[in-house]
Amino acid sequence: MSQKANRGSLPMLKLAFPLAMEQLMRILVSSIDTLMLSSYNNSAVAAVGLVSQYVFFLNLIFSVIATGSSIVLAQFIGAQKSEKELTHIAQASYIMMFISCTVITLLVLFGTAPLLSCYTLEDDVRHFAWLYFIVFGGCFCIFNGLSLLQGAILRSYGHTSEAMIVSIVANLVNVFGNALSLYGWFGLPILGVAGVASSSGAASVVSTIMFAIFIKKRKDVHSSFKGIFKVPVESFRLILKVGVPTAGESLSYNTANIVVMAMISTLGTYAMSAQVYCNTIVRFVFTTAIAIGQATQIKAGYLVGSHQSDIAYKKIFKYQLVATTVSMIMIVVANLVKYPIVRLFTDIPEVIELTCTILIYSAYIEFGRSLNLIYVGALKGAGDIKFPVSYAIFSNWIILVLGSYILGKVCGLGLVGFWLAIGTDETTRGMVMLWRWKSRRWQKHALV
């Protein structure tokens, strides 16, 4: 597709289907990773789980640049900006990513030991945590950041199929590398955590190389390094203007969920187990809504950038209807077959019953989540960043956290109370974002 083509006319299915497959693959591989590591050593599972929260914060920094560049590029492409202007956005992104990765690598290499000293850990857990974070978070940091950015750039141009292919290949490399490291196939030594970290790093190297090849092959993707040190300051400003608030929202949401999980832990092991199992199941349910939300962000960027706001306004309602319908059908199916599914995770009757009970309330959550994902994606794609981010932070702490405490602890509803609060957070946010979209105030926030 040429640069001057009307990308706003790209079929939603062409954008969303590869994104859905990519999400599904990530969920599957994440589950397989945990199972494989647990078969090796429980201390290793605990160690990787501990540093995973810090890996998330590294990815959050990367997402500031990747998300910012993705939204700016989508609007620039829709506005049919020149090749030079599009190249400047990509170049500014690469410069910021290289600087960020350099700083982070040094912090990880020299700061991991002091960081872990703040925790009371058994020696083997501390060693495994140090090893994993140094190798994956430090040595492979540049590849983690670059692959995330390259994927965002490629998706911005509507090439989601290539991003899906890269994700599938990289995840297979990760799983195969884990198997080699943990099971000693072909007579190779068992490398344990170091091998698992290296296989994850190798997957990011493979991603970086494949993305580079796809970007080079796509003549409509403007990502040249020629003249990279002559990028206008405005390009950096636009990316950060979008990326920083979006990262703040993600940080708020995840921190709020950590607080909620800490409160749930006071209910006992059964409640914690039920929470984890139910979350594992519903991740498959909202895969489609996430994919449509990401595709909606891209489409909204194209349409708003090309001054087709009226078309964007009407189309988003259709996308939301599809996402909500699919989510509702999938959560109903999940509830119909919930007992055999939950028994795959546990044989404890109390945990099975509790998991199956809160899975019923998940319908409330998934309805709201489908609204939220679509309209937030549309608003961000349109350049309306501050309102959805500000309201999300308010809702995360007033409705989600405070509501969880009141319903789950004060009112004594237990885990059901927590899930009602989660559902109320998602649904009220979704309704507010729907109101914001219908108000059309987002139109004055276009970046072009």
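Okay, two housekeeping points. What we have is a predicted model, where local features need pLDDT of at least 70 and side-chain atom pairs count only at pLDDT 80 or more, while totals for chains, interfaces and linings use all residues. Residues are numbered from 1 along each chain as its sequence is written, and side-chain values use heavy atoms, leaving out hydrogens and water.

Let's start with helices, which are DSSP runs of H or I, at least four residues, numbered from the N terminus. Find helix 13, residues 349-381, and look at helix 10, residues 287-305: their axes come within 7 Å and cross at roughly 20°. That makes the two roughly parallel, a label for angles under 35 degrees; over 145 is roughly antiparallel, 65 to 115 roughly perpendicular, and the rest oblique. The axes, by the way, are lines fitted to C-alpha atoms over the stretch in contact, and angles run from 0 to 180 degrees between N-to-C directions.

Now helix 9, residues 269-285: it packs on helix 13 at about 45°, with the axes 9 Å apart. So helix 9 is oblique to helix 13.

Next, salt bridges, meaning a side-chain nitrogen of Lys or Arg within 4 Å of a carboxyl oxygen of Asp or Glu. By that rule we get 11. One of them joins glutamate 22 and arginine 155, at 2.4 Å from N to O. Those two are 133 residues apart, with glutamate 22 in helix 1 and arginine 155 in helix 5.

Is glutamate 22 buried or exposed? Its relative accessibility is 4%, so it counts as buried; the word means under 20% relative accessible area, with exposed over 50% and partly exposed in between, using a 1.4 Å probe and protein chains only. Arginine 155 is buried too, at 16%.

Another bridge pairs aspartate 384 with arginine 436, at 2.8 Å between the closest N and O atoms. Aspartate 384 sits in the loop between helix 13 and helix 14, and arginine 436 in helix 15, 52 residues away. Aspartate 384 is buried at 1%, and arginine 436 at 8%.

There's also a salt-bridge network linking Glu366, Arg369, Asp425, Glu426 and Arg429. Within it, arginine 429 and glutamate 426 meet at 3.7 Å; both lie in helix 15, 3 residues apart, about one turn.

Last stop: tyrosine 405, in helix 14, residues 386-410. At 42% relative accessibility, tyrosine 405 is partly exposed. That's where I'll stop.
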